[in-house]
Every structure is written in structure tokens, then in C-alpha cells.
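Hello,

Here is the structure you asked about. My notes follow below it.

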Amino acid sequence: MTRLRVLSYNVLSLRLGTDRVAAVIRACDPDVVCVQEAPRFFGWRRKCRALADAAGLRLVTGGRPAGAVLLLARPSLRVVTTRDVKLPWHPPLHRRGLAIAVLDAGGREVVFASMHLSLDDAERRAQVDLTLRDLAALAEPAAPAALDRPVVLAGDVNETPDDESWQVLAEALQDAYAVAPRGDGLTMSAATPRRRIDAVFVDRRLRVVSCGVPDVAGLAEASDHRPVLATLEIT
């Protein structure tokens, strides 16, 4: 059995400082990090790489081609395959997307995805259907004798658990905080948290040990969101 710590974090394009965000990530000691609002404009590759290096992690995939979401992981996790997806959108809203990777976690291949959904209700709902479809395709067995791949999807949903898109995601996958809550779970805003709009959704074949906002220093100084940390068990 393998335990994994999965962190979801909207980092506000690193506008409050790469070092501050990296310090929060290091304090959480994650195995996989799903980043939203990564740098998307001039120098985005260098800035994303600098975040990964400062956090002591590998940049797996994502960035501008994935609508400014990233996947970071410990170097010890073998990368099987990656995919960057741009989701449908309409200006003047920001482009949204997915950063997806299949990682070998203790001998079991798991699909990890970082997402950032639209501010528009109808657009967000359509993005959820496309996200679940893409993840289901990667979760299929890679070969006739292979195990199917459980899915972990994390990110900024831009709505709360009572809303439609969130409920569709929580029906397809487990809302990790609802299963094993730790603390209040409120993620927005970092300075005055009142809403839970960030989440980790987990395949029901995986066990959620705990999930919540990590109790680490510097959250209000690093971003406008608080991160979500889930501990999972993979058999």
C-alpha cells in the first residue's frame, strides 16, 4: 500500500512571490502538486520551472498550453504519459485547461489532473463534462492484462459544493474533504476564508485518509487562495 500527499493550489500567477508559494508547498511536503493560475505570459516557462525547482519538485506538464495549470511531482514518481488540454472558452474570460499525467505510484498507474474551471456557469458545466470524458479515456487499461487507472482530479472549481458542476464532479469521484475532513476546508480568500471553491476529487477505489487546508505558515502572504492537501492510500 502506498500513501500519497496531493496538494491543490491556486498561486495567483506567482504575483506575491515565487519564494512564498514554494515555501508553502515545501511545508506541505506533497508528492504531487496541482497548480492553478501558473504564469501564462512573458517568461512563463522560466517562471514555472523556477517554482518547481524552489519547491524541490519536478515539473511534469502544463503551463500556457494547458490554460495556465501545472502538475508538479516528486522526481521519484515515474511519468508514464502526459497530456495538456485546452477547454472551450469565450473571451474576455481567461482560457481554461487541464494538465494531466499518468504517474507510477508504488507500482500502480494513477491519472492525476490539475484543473481550473470557468467563471461562467454554462461554460464551467460544459468543461466538467469534457474533463470527465478525457480522464475516463486515460483511466482505461493501457493493455489487456493491465489494471485500470484510478483518477485524482484537483483544482479551482470556481463554485461551491452546493452548485451543479461541483455536484457532478462529486458524483463521478469522491470529494475528498467531504469524506475525511480536517479543519474548516475554506479556501477563498486566503486572508479571510469564507468559501470552499478548491477541491481534490478522488476515485472511489482509493482511500481518502484526510483532506483539508494545511496548517502551515504564510498562506495569506503567498496567494489569494488557501491550498487543499489530501492524503490518499493506493493499493
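Two rings of Phe, Tyr or Trp count as a pair if their centres lie within 6.5 Å, with the six-membered ring used for Trp. Keep in mind that this is a predicted model.

Aromatic pairs

The partners are Trp-166 and Phe-201, with 5.6 Å between centres. Their planes stand at 70 degrees, and planes over 60 degrees apart count as edge-to-face, so this pair is edge-to-face. Trp-166 sits in helix α4 (residues 164-172) and Phe-201 in strand β10 (residues 198-202). The two are 35 residues apart, so the pair links distant parts of the chain. Both Trp-166 and Phe-201 are buried.

Helix packing

Helix α4 also meets helix α3 (residues 121-139). Their axes come within 9 Å and cross at roughly 15 degrees. That angle makes α3 roughly parallel to α4. The crossing is right-handed. On the α3 side, the contact involves Arg-124, Arg-125, Val-128 and Leu-132. On the α4 side, Glu-164, Ser-165, Val-168, Leu-169 and Ala-172 take part.

Cysteines

How many disulfides does the structure hold? The count is 0. A disulfide needs two cysteine sulfur atoms within 2.5 Å. For Cys-48, the closest cysteine sulfur is in Cys-34, 14 Å away, which is too far for a bond. Cys-211 also has its closest cysteine sulfur in Cys-34, here at 12 Å, again too far for a bond. Cys-48 is buried, at 2% relative accessible area. Cys-211 is buried too, at 1% relative accessibility.

Best wishes

Definitions and conventions: Residues numbered from 1 in each chain as written. Predicted model: local features only at pLDDT ≥ 70, side-chain atom pairs only at ≥ 80, totals over all residues. Heavy atoms only, no water. Buried < 20%, exposed > 50% of the residue type's maximum accessible area, 1.4 Å probe, protein only. Phe/Tyr/Trp six-rings, centres within 6.5 Å; stacked < 30°, edge-to-face > 60°. Helix = DSSP H or I, 4+ residues; strand = E, 2+ residues; numbered from the N terminus. Axes fitted to C-alpha atoms, helices over the stretch in contact; angles between N-to-C directions. Parallel < 35°, antiparallel > 145°, perpendicular 65-115°, else oblique. Left-handed = near helix turned anticlockwise from the far one by under 90°. Contact = heavy atoms within 4.5 Å.
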